Amino acid sequence: MMTEEEKNELLFNRQFIISSSELNVFKGWNSNLIGNLFIYSHPNLEVTVTRKNKKSIALLGYIFDSENSTYSNQQVLDVLGENETFEAVLEGSDKYAGRFLIIYHDLSDFKLFHDAAGQREVFYMKDDNIWLASQPTLLSEYVELKKGVEGAEFYNSEKFKLRKERILDTTQYLGLKHLPVNHYLDLHTGEPTRYFPKKRVTKLPLEEAVKLSSKYIKGFLEAVSHRSKLMIAVTGGWDSRMMLAAALHIPDSHYFIFKHKHLKDTDQDIKTPKKLLELLEVDFNVIEYDPELESDVKALMTKNVELSNPVLYPAFYNEFFKKYKDRLNVTCVSEAARNYFHYQANQSDDFVKKQYQKWVDDNAVSFKENGYHILDMFYWEEKMGNWLANGRSAMGSVIEDFSPFNCRELMTIFLSVDEKYRDRYNPILHRKIIEKLSKDVLAVPINGSLKYSIIKWLVIFKIYPIYKRVQLWFKAN
């Protein structure tokens, strides 16, 4: 059974609720006042404030500077605070990575925005007050949330219950919205506004993009190491290999893989990293965790994050929370740069189609004019901003995590590279970055399974799209 101390720490761990009214919050929670808003936060969520003249800026979460690796949250925020306007603060934040929420207040502006991939989630609604919270379940402690009419069929469907993915800014509750990626929220009106992209992306040669990206990634991980010890999952794939290459020089990093019940020792996600790290003479930890949980732990974790995946609870609680919560878990959000939606079909109900069609109608022209592929942006804003962000919220209830790719300037560099270098199965950009960071980690092939190798060659010979269309036709018929 959990101790009372564990219950208090785990309940809405690293979460926040913000209101224009004072609230009676949980024991031990912290409070700050920005403008007329009361910010209440769990003690494990760092809140940093800078005030200058008649301007206040609050940071919820953490933020890193790749060029100044020793900077604290306060130092980064103070640098941002030197900017005179909200627009300048917003633009100035592009070079930083983190999982954060920034609230800006001066005589004319009262606005809020989050990190590049929206990993510090924000749910909001406006009645007589304005309400913001990290999760609907936390907000429901103070506001009665009612199920909405629009989208009710989708949000009550088995598909939603299985996949647990919200659609764009919608939720299943009346009046409650989820702040979209690349939007800020006006705290006077309660209305979101898109702020990215505003200018055309500068196309970069492959080698220049590799040089710039490598510098960012290495700098961010060095910045993390000044504040916390690292924990890095290593699998058979591209993203974790890049993290390994960037972190290899950082001492006391903990490399691991959870041996979930579906994994065998012969699977690529265990066999490949184990072989590689043995060659590198680096410890690799295959963690076989206790699959059992007490009912009170399950109930609390379900309450913490509305759409969390119960399958992960035992690993999250028994390992991350009980053994490693003093570390920072390094994760990845680079898939948007790997053409993930090129071969996928979407068969959905009318509500989903209507929402996605509106997103296309509202944004397609702007994306094209500014040199961004609409499918890259869809993955960035929808998949990363909803599915991935929800997973990060669940993980944040047991251990803090960070992706060095969660930086708008770095994401823009990735998307400035020709698509032929960013294929899902043959990402030349990723390989070149890994080579730049550490050639040694390429001693063992990435994703070396027969299936992956066949797909890679189909891509190289440009016949994979044909194969995929045939496969989808047979599924549909």
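1. Six strands form an open sheet in the order S4-S5-S6-S7-S11-S12, with antiparallel pairing. Two strands pair if DSSP finds at least two bridges between them. Helices (H or I, at least four residues) and strands (E, at least two) are DSSP runs, numbered from the N terminus. The model is predicted: local features need pLDDT of at least 70, side-chain atom pairs count only at pLDDT 80 or more, and totals for chains, interfaces and linings use all residues. Residues are numbered from 1 along each chain as its sequence is written, and side-chain values use heavy atoms, with hydrogens and water left out.

2. The edges of this sheet are strand S4 (47-52) and strand S12 (191-194). Each has a single partner strand, so one side of each lacks a neighbour in the sheet. From one strand to the next, the twist averages 20°.

3. Within the sheet, strand S6 (residues 97-105) pairs with strand S7 (residues 110-114) in the antiparallel sense, over five bridges. His105 has Phe110 of S7 as its bridge partner.

4. Helix H2 (residues 73-81) lies across S4, strand S5 (55-64) and S6. Its direction is at about 135° to S5. Axes are lines fitted to C-alpha atoms, for helices over the stretch in contact, and angles run from 0 to 180 degrees between N-to-C directions. Contact means heavy atoms within 4.5 Å.

5. Helix H7 (residues 206-225) packs with helix H14 (residues 408-415) at an angle of about 155°, their axes 10 Å apart. H7 is therefore roughly antiparallel to H14 (under 35 degrees counts as roughly parallel, over 145 as roughly antiparallel, 65 to 115 as roughly perpendicular, the rest as oblique). The crossing of H7 past H14 is left-handed (the near helix is turned anticlockwise from the far one by less than a right angle; clockwise is right-handed).

6. On the H7 side, the contact with H14 uses Ala209, Leu212, Ser213, Tyr216 and Ile217; H14 supplies Glu409, Leu410, Ile413 and Phe414. By class, that is seven nonpolar, one polar and one charged residues (Ala, Val, Leu, Ile, Met, Phe, Trp, Tyr, Cys and Pro count as nonpolar, Asp, Glu, Lys and Arg as charged, the others, Gly among them, as polar).

7. H7 also meets helix H15 (residues 428-437). Their axes come within 9 Å and cross at roughly 60°, so H7 is oblique to H15. This crossing is right-handed. The H7 residues in contact include Leu206, Val210 and Lys218, and those of H15 include Ile428, Lys432 and Leu437. The classes are eight nonpolar, two polar and four charged residues.
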